[in-house]
Amino acid sequence: MARRRLLLLLKPFDVFPAQNHPNVLPRITSPKTSQVLSYLDNRRKVHKDAINFCQDILRQKYVDWEAMFRSNLSQPIRDVDLVITVGGDGTLLQASHFMDDSVPVLGVNSDPTQAEEVEKFSEEFDATRSTGYLCAATVRNFEQMLDNILEGHSVPSELSRMSICVNSKLLSTYALNDVLIAHPCPATVSRFSFRMRKGIQPCSPLVNCRSSGLRVSTAAGSTAAILSAGGFAMPILSKDLQYMVREPILPGEASSRLMHGVVKSDESMDDVWYCKEGMIYVDGSHVFCPIQHGDTIELSSSAPVLKVFLSNHLLT
């Protein structure tokens, strides 16, 4: 049997500067500051230990593998049988931008939030670590999950992604989580219109908006920013999209109910941008596309799926 080829994609472990870093030492002015920096130091150590742990496990398996920091990823991921991300949802999201529907991915949450730690420091600072919503593994179950995958006992789920067309040109990046269309200055009003379309026929009224922008999420992204803004969590395998106009300015009574809704899997959302400048942000702030007055944006769930190994509780 041929050896499997794996890519281990890593979140850098120097995201937080070390407590004894020359740029950090002058800012340690109080016991509380020192406590926070010690906490960040611990986060860095836990993540680094998780990387070493996963590499040690891979050395014991009948596989060929290489490790790469996510910041060095610049080309489509090809010629591997499995991608393993070690970090959190951000690392898995970044990997997804370089993957088609032929290679599955397993996310390892390297630094899970500890409930007792959050409670202990609740009066001092936010001790939340990584959520890892899309990460099915931690160091505790990584080897078992890897064995199940290599032995064919686990099957990846197919998560819907969002395609983005600007002026009828398809962007090369698909959104796994969400898309935010807004003015690059958050204090500036965004002006745009949108409507749903099925095939070539409109299937909803035209909505004209002045607001803080428009967010559209996939099912996988429906527990992220759009949920915090008042949206709802969708079944993880849904092919629908959910949209929400951010902070609409005095919508008319007829259109106010259209500020939040669903784009069905057989529909697309057509948007027209009416500001001098704007930006489409894909899965956060790192991937973006500038737009200008009169540009048209089409969003739909027609993108290739992403194959992800998920926790059982997400599928029930």
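Rings of Phe, Tyr and Trp pair if their centres lie within 6.5 Å. The close-ups below come from a predicted model.

**View 1. Ring pairs link Tyr39, Phe121 and Phe125 into a cluster.** The structure holds five aromatic pairs. The centres of the Tyr39 and Phe125 rings are 5.1 Å apart and their planes stand at 50 degrees, so this pair is tilted. Distant parts of the chain are linked by this pair: Tyr39 belongs to helix α1 (residues 31-59), while Phe125 is in the loop between α3 (115-120) and α4, 86 residues apart. Phe121 and Phe125 form a stacked pair, because their planes are at 25 degrees, with ring centres 5.0 Å apart. Phe121 counts as buried because its relative accessibility is 12%, and Phe125 counts as buried because its value is 14%. Tyr39 is buried too.

**View 2. Helix α4 spans residues 142-150.** Its buried residues are Phe142, Met145, Leu146, Asp147, Ile149 and Leu150. Gly152, which follows α4, has a positive phi, near 80 degrees.

**View 3. Six strands form an open sheet with antiparallel pairing.** The strand order is β14-β13-β12-β8-β16-β17. β14 (260-263) and β17 (287-292) are the edge strands, each pairing on one side only. From one strand to the next, the twist averages 20 degrees.

**View 4. Strand β13 (residues 241-245) pairs with β14 in the antiparallel sense.** Four bridges join the two strands. Opposite Tyr243 stands Gly261 in β14.

**View 5. Arg3 lies over the face of Tyr62.** The distance from Arg3 to the ring centre is 4.5 Å.

Note on methods. Residues are numbered from 1 along each chain as its sequence is written. This is a predicted model: local features need pLDDT of at least 70, side-chain atom pairs count only at pLDDT 80 or more; totals for chains, interfaces and linings use all residues. Side-chain values use heavy atoms; hydrogens and water are left out. Two strands pair if DSSP finds at least two bridges between them. Axes are lines fitted to C-alpha atoms, for helices over the stretch in contact, and angles run from 0 to 180 degrees between N-to-C directions. Buried means under 20% relative accessible area, exposed over 50%, partly exposed in between (1.4 Å probe, protein chains only). Rings of Phe, Tyr and Trp (its six-membered ring) pair if their centres lie within 6.5 Å; planes under 30 degrees apart count as stacked, over 60 as edge-to-face and the rest as tilted. A charge sits over a ring if NZ of Lys or CZ of Arg is within 6 Å of the ring centre and within 35 degrees of the ring normal.
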